[in-house]
Amino acid sequence: MQDRPSWTRAIALGGAGFLFVLVLLIDVARKNVAPTFLQSNFVVDVLSIGALFLLFPLLQNVVTERREDPLRLLLTLVIAAGIVFVIVLVCVFLFPSEQFQTVSGWLVPHSYNAVFLSLIIGTVTSVAALFVFLSLYGLLIGTGKRGTRILANVLVVLLIVDALSRVGGAPATGSFFQSAFFIVAIVITVLLSFRLPWLIELRRKEKLVALGYELMLVAFLGGLAGLLGGETFPARSIAYFSAPLGTFTYQLVVLGCVYFTAAFAGTLFHLPTSDIYERRVAQISSLRDFGNISTQILDKDQLAQTVLKLAREMGGARGAWLELPGAVVEGHGQAGWERLSENGALDAGSGLPFDELRAEALASSSVTLRGGNLRGEPKGLRRFMPKLAAVQNSFLAVPLRVHNETRGMLYLAKPAGESFDRHDIATVTALADSAAMALENSRLLREMIEKERLERELLLAQSMQTRLLPRELPRLPGIDLFATSIPATEVGGDYYDIVHNAHGNLSIVVGDVSGKGITAAFYMAVVKGVFQAVGQNARSPREFLVNANEALRGSLDSHSFVTMVHAIINPSDRTMSFARAGHCPIARVRDSRVELLVPRGMGLGLASDDVFSDSLEEVTVPCVPGDTYVFFTDGVTELRRPGGEEFGIRRMEELLRGTSYSSAEATASAVLQSLRQFAPEGGYIDDMTVLVLRFVGCGEVSTAIEKIGD
Amino acid sequence: MDEFGIKVSQQGDVSVLRVKGYLDAHTAPELEKRMQELISQDRVRLVMELAELEYISSAGLGVFMAYVDEVRGRGGDIKFSSLTPRVYTVFDLLGFPILYEFFPETGEAVKRFPHADSADRGRA
């Protein structure tokens, strides 16, 4: 009613009142002449129906507001029926039925008093009848199924047609039961009374209240039916007031009485099952709650406890156990699983047939075991009869499955004599499904968090690793040096360095640790340590690499090795010596000719010192101005583009041959640019290191190295 | 890019592992697993037939290094056969030919296991 503007309400009420006053005026006017005077019987009937029609939306609102709450609607009905019953009862006692007399089928009022009273009684009862009508309709339509709606609508049509057929007719109070329509209406009402859609959802207590209301309604409506069906003053009043509305009122009172009598019986009938219904409702809402809660619980144990508690409550069980992947505990659940009980502790549940139940449940979807009576139990379980005979409990075992993969087991136990019914199994299985999903979600979430943590640490490691490389190379006359290293997306193991050693020589290293990731990064740090320790005193690349092999063989794991090129520039005799330990070839560019130098040598960490030393070849070259030496790692030549094509050593050669570069930096830049053009999308899978050494003027080499030493 | 794959066949008491595709950090564990299986069955005479191996990374090379000592300690060996020149270059640069035997044909590699045939016949 709140949403309806008050002026429409005022118009409806005013209009209805106006029409009732018109009826009163006509009744007064025709009191002393025939009731059919100037067809006034038609006019009065039409006016009174019209008035009721105006009140229809107002009453409809009252019902609609209460439709969601059947008990409130029933109470309103009880109050309305009670009031009308009292009014009618009082009138029966106060006024004799002789106030109206029957003259050739028509009722004639004895006094103006009777005219006035008939209007009041007629209005009140027909409004009440309309209310009963709307309430019944509301109750049936509220949550009813299609069949119920059709029957209810047929009933409505019958009642309206019956009422309309009486417009202008004589108020034959005694002929109601002869109406075939009414008999059909009663049959339909009886049919409808078997359907109590509004009742099922009520809880036990509410059903008891409903019983009381229904009893009162049966009493009031039954009383009214008795009073209005007889030759009483109110009966004659409503007949005189309006033949169609009188009929309508009487029929509604009778139908209401029938309906609520049946409803009373129905409510009584539903009362014992309401406990079960309530438990189902509780189970479903628990399941829904779990669905909501489970997404917020990250901790596996906390989740397990929630599942255990809910499972025990939902299955009406005494004990609950959950087996989940976890620390392997001897004698606790399947290998690799741990069994938890509700108190959170590991629980062996000693003597209980977990293994047998699990084996059977994994073969099907769930398994139940009735304590004490093993007849009719699955064959697999009967095989264990001797053991189970000692177990008096009833069990339910359900696997926790995600995507057909078993992630755990849920067990419930009840004392002997109680068993798990179909609904218990269904709801516990549903819980097991969503528990499996929740556990899986929490696992994935934990994994994701762990992965993010690792990624952060990897980034940190990457930046740490960058710091292991020299920040800046000295700019020196005589030697033009440039080096750069592009780290892969993962941390890698490329290393380069240049130090001034104890013998006044320049020691240069480019190395590559096998593999990728954290292991390679650690080894790269080890390589730096070896270079800084051994490289200081080594007189030749051969000496350095043999020592490095010895040092690294002790610290590398059996899968790992290091490849390296080591060079020493000797200023006193203006030469450069270098050796290759399993590393990529060294490119020498001289007068636009490219030579790949591949002195023999194995990777570090591959073989014993003797084998390594025997295979190692050292090369000594003079410092020729204009000669450029390019040291690189295999990340450069093995760079791949999406199609799978490698950058390759040939491309590298052509690149170096193509142009005469003005400086070491220009040479390195050309290489890097070419690499970027080759695989522009970045995300390199391996580190790429390029170190370019260019002899500018050999006379200056000596002073240059002395400068580094300063 | 061909799918990585390993096919193991027996030639007498020599196990031939046909490795194809890319042997890198992602696929190396699979090769490692197969080798462990063979070694646990005391099959320590191994020939790696690498004709269809397109690429090998340092992680792939590491697998051979990891098992050679154990295999040789139990009287067996790891030999290589049918490598493409490109893949052979990778082995060669690292110095593998100093430590391992390489053959152009698998049959030749199998034959080079001492007493392989006679041992086999003896057992049968």
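Me: How many helices and strands are there in chain B?
Reply: Counting the elements is a plain way to start. In this predicted model, chain B has six helices and six strands. Read from the N terminus, the elements of chain B follow the order β-β-α-β-β-α-β-α-α-β-α-α.

Me: What percentage of the residues in chain B is buried?
Reply: Burial is judged by how many other C-beta atoms lie around a residue. Of the 124 residues in chain B, 36% are buried. Contacts can also be sorted by how far apart the partners are in sequence. Among contacts in chain B between residues at least 6 apart in sequence, those joining residues at least 24 apart make up 70%.

Me: How many residues of chain B are in contact with chain A?
Reply: An interface can be read from either side. Here 14 residues of chain B are in contact with 18 residues of chain A. On the side of chain B that touches chain A, helix H2 (58-73), helix H3 (85-94) and helix H4 (96-99) of chain B each supply at least two residues. The most comes from H2(B), which gives seven residues.

Me: Which classes of residue does that side of chain B have?
Reply: The side of chain B that touches chain A has 11 nonpolar and three polar residues, and no charged ones.

Me: Turning to chain A, what is the strand order in the open sheet of five strands?
Reply: A sheet is read strand by strand, across the pairings. In chain A the order is S8-S17-S16-S13-S14, and the pairing is antiparallel. Strand S8 (479-486) and strand S14 (593-597) of chain A each have a single partner strand and stand at the edges, so one side of each has no neighbour in the sheet. From one strand to the next, the twist averages 15°.

Me: How many bridges pair S13(A) with S14(A)?
Reply: Five bridges pair S13(A) with S14(A) in the antiparallel sense. One residue pair to look for is Ala587(A), whose bridge partner in S14(A) is Leu596(A). The two strands form a hairpin with two residues between them, and Asp591(A) in the turn has a positive phi of about 50°.

Me: What joins S13 of chain A to S16 of chain A?
Reply: Strand S13 (residues 586-590) and strand S16 (residues 628-632) of chain A run antiparallel and are joined by three bridges. In S16(A), Tyr629(A) is the bridge partner of Arg588(A), and Thr628(A) is the bridge partner of Val589(A).

Me: Which strands does helix H21 of chain A lie across?
Reply: For a helix on a sheet, read which strands it covers and the angle it makes with one of them. Helix H21 (residues 648-658) of chain A lies across S13, S14 and S16 of chain A, at about 140° to S14(A). Helix H22 (residues 664-678) of chain A lies across S8, S16 and strand S17 (688-695) of chain A, at about 150° to S17(A).

Me: How do I read a pair of helices, and at what angle do H11(A) and H12(A) pack?
Reply: Take the angle and the distance between axes together. Helix H11 (residues 274-294) and helix H12 (residues 300-314) of chain A pack at an angle of about 175°, with their axes 11 Å apart. An angle over 145 degrees counts as roughly antiparallel, and H11(A) and H12(A) are therefore roughly antiparallel to each other. Residues in the contact include Phe290(A) in H11(A) and Leu310(A) in H12(A). By class, the contact has five nonpolar, four polar and one charged residues.

Me: Are H3(A) and H8(A) roughly parallel or roughly antiparallel?
Reply: The axes of helix H3 (residues 70-94) and helix H8 (residues 204-229) of chain A cross at roughly 30° and come within 9 Å. H3(A) and H8(A) are therefore roughly parallel to each other. Their crossing is left-handed. The residues of this contact divide into 21 nonpolar, two polar and one charged.

Me: Last, a single residue. Where is Tyr259(A), and why is Tyr259(A) classed as buried?
Reply: Tyr259(A) is placed in helix H10 (residues 243-270) of chain A. The cut-off for buried is 20 or more other C-beta atoms within 10 Å. Tyr259(A) is buried because 25 other C-beta atoms lie within 10 Å. Leaving out residues up to four places away in sequence, Tyr259(A) touches Leu136(A), Thr189(A), Leu192(A) and Ser193(A). Tyr259(A) and Ile186(A) are 73 residues apart in sequence, yet 9.0 Å apart in space, C-alpha to C-alpha.

Technical notes: Residues are numbered from 1 along each chain as its sequence is written. Chains are lettered from A and ligands numbered from 1 in the order in which they are written. This is a predicted model: local features need pLDDT of at least 70, side-chain atom pairs count only at pLDDT 80 or more; totals for chains, interfaces and linings use all residues. Two strands pair if DSSP finds at least two bridges between them. Helices (H or I, at least four residues) and strands (E, at least two) are DSSP runs, numbered from the N terminus. Axes are lines fitted to C-alpha atoms, for helices over the stretch in contact, and angles run from 0 to 180 degrees between N-to-C directions. Two residues are in contact if their C-beta atoms, placed from the backbone, lie within 7 Å. Ala, Val, Leu, Ile, Met, Phe, Trp, Tyr, Cys and Pro count as nonpolar, Asp, Glu, Lys and Arg as charged, and the others, Gly among them, as polar. Angles under 35 degrees count as roughly parallel, over 145 as roughly antiparallel, 65 to 115 as roughly perpendicular and the rest as oblique. A residue is buried if 20 or more other C-beta atoms lie within 10 Å of its own, exposed if 12 or fewer, and partly exposed in between; C-beta atoms are placed from the backbone. A crossing is left-handed if the near helix is turned anticlockwise from the far one by less than a right angle, and right-handed if clockwise.
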